[in-house]
Amino acid sequence: MPVWHERTKALRASGKLKVIGITQEQHPERCLLFARWKGFDWPIGWDPFNITETKVVPRVTLIDEHGIVRATRANLSTFERSFVDQVFKAPAETPATVKPVPGTLAEASIAKKDSPERSYYDGLSALLWPAGRDGDKALHAITAYARSHPKDAAAQWRLGVAHRMRHDSDDRQDGDFQLAVRHWHAGLALDPAQYIYRRRIQQYGPRLDKPYPFYPWVAEAQKKLGKAAPTLRAPLTGSELAGRGEPAAAPDEKEPGGAKDIERLKDALEIESTIVWHTSAKRGTAARVHLQIRPAGRRILLWDAEAGPLTAWVELPEGWTVDRNRIDRALLGIDKVEEVVELDFEVRPPAGNVKPFEVTGYILFYACLERDGMCKYLRQDFEVKVPGHGK
Amino acid sequence: MKLLLACLPVLVAGVLLTPPAQAGEPTLGQPHAEVRLPTIDGLSTLGLEALRGSKVLLIQFASW
């Protein structure tokens with residue numbers, strides 16, 4: 001889009017053209033970071049639920065002064081002559097209100113009060129404009145509508161979006177991310193050609209399902225903007241930075257020395273797992289496992305970030321493979337006591353095997369304990385049950 | 001949802017009652033469906049209606 005931004009600069013300055021944008025991304029602040037980095041000074045709307053029912057992006061639409069669509073795939077080299085310089089006649093009649101398509105959000109928005117359709121619409125609106133509104137009530141309404149409309153692809157997918165929103169909020173509940181993935185898959189299964197639905201899953205999925213890394217530009221943008229960079233609500237995961245053709249992370253297959261002798265705790269960490277399978281079973285059955293690791297309040301006083309990195313060691317049943325057994329992750333610092341550590345790795349079953357399986361392993365970490373304030377090197381084992389593909 | 005609430009403040013109370021964008025792919029020669037969405041900075045609302053009388057170039061994109 002930077003090319004359109006540059007190409008329309010003079011037209012915007014002269015008032016001959018208004019430019020606006022819409023993005024379907026889950027996290028608006030990422031697009032805001034991109035816009036500030038690129039100098040976009042035109043307004044951009046946030047459409048995480050794909051209320052505009054967009055099938056594919058990018059798309060550039062030209063709309064004349066009477067609100068009539070003049071191009072749905074604008075041409076960079078001809079749009080000024082064929083659109084900006086033209087004078088379009090007003091329609092003979094004022095366009096009647098477009099009748100909403102049955103089953104769409106537009107229809108729900110005009111449904112009578114207290115109907116499930118209206119509650120669904122109100123729920124989506126509440127999550128878009130949340131100030132002073134009840135997010136849990138909104139999620140319940142969206143859930144109820146999706147359950148009563150199991151063949152409505154958009155309703156299934158939007159429920160996933162709503163769960164991911166709660167996952168990124170202070171009110172997150174265990175399983176929100178996995179529920180998001182499940183409903184995104186349900187929406188895509190009902191509408192396999194929906195590019196927006198597919199991309200949302202691929203953002204978190206295995207490498208071979210990725211057309212490109214999604215956010216490789218973020219670090220550069222943050223560096224350039226400095227304090228002007230918006231805070232990212234959700235940290236970038238390894239899967240969002242991994243590209244399709246890139247090799248797996250550099251292997252460091254050495255198991256941490258002396259791991260067996262390190263003091264083990266059972267409930268020092270809360271470890272939540274989310275599994276994201278490839279969007280197409282035909283193209284491979286690899287899955288990405290996401291781990292979210294946070295200190296359990298009662299046992300750990302704080303991460304001891306200065307002592308060393310957190311290390312995860314991952315083991316799979318014989319025949320199954322993982323792109324890396326060992327992951328080392330530096331922690332942010334002593335003042336980030338509640339830092340959530342996000343790790344992800346890719347697992348692949350033996351050919352043709354789509355049965356459930358278990359990933360086991362352990363986390364080694366430096367932390368100071370609540371009980372005596374002592375700072376130690378500790379270990380906590382984990383076990384992740386991976387359902388079969390499509391489950 | 002507390003963080004979400006904090007991140008997306010609404011400046012205009014009337015926005016709460018405003019429908020978000022209407023559904024549907026744009027069709028050549030037809031009116032574009034009304035669009036009402038929060039902006040990515042959470043500070044205002046984007047609407048096509050307010051731009052009536054101007055030529056508009058609408059870019060739908062993702063930063064990825």
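User: What does pLDDT stand for in this predicted model, and what is the average for chain A?

Analyst: pLDDT is the predictor's confidence in each residue, from 0 to 100, and in this predicted model chain A averages 88, with 88% of the residues scoring at least 70.

User: Where in chain A is confidence lowest, and where is it highest?

Analyst: Helix H5 of chain A, residues 105-109, has the lowest confidence, at a mean of 64, whereas helix H3 of chain A, residues 28-38, has the highest, at 98. Where pLDDT is low, the predicted coordinates should not be read in detail.

User: How do you know that S9(A) and S11(A) pair?

Analyst: Two strands pair if at least two bridges are found between them, and 2 bridges join S9(A) to strand S11 of chain A, residues 341-348, so the two count as paired, running antiparallel. In this pairing A:Thr321 stands opposite A:Arg348 of S11(A).

User: What makes S5 and S9 of chain A edge strands?

Analyst: The open sheet has 4 strands in the order S5-S6-S11-S9 (chain A), with antiparallel pairing. Strand S5 (269-277) and strand S9 (321-322) of chain A each have a single partner strand, so one side of each is left without a neighbour in the sheet.

How values were computed
Residues numbered from 1 in each chain as written. Chains lettered and ligands numbered in written order. Predicted model: local features only at pLDDT ≥ 70, side-chain atom pairs only at ≥ 80, totals over all residues. Heavy atoms only, no water.
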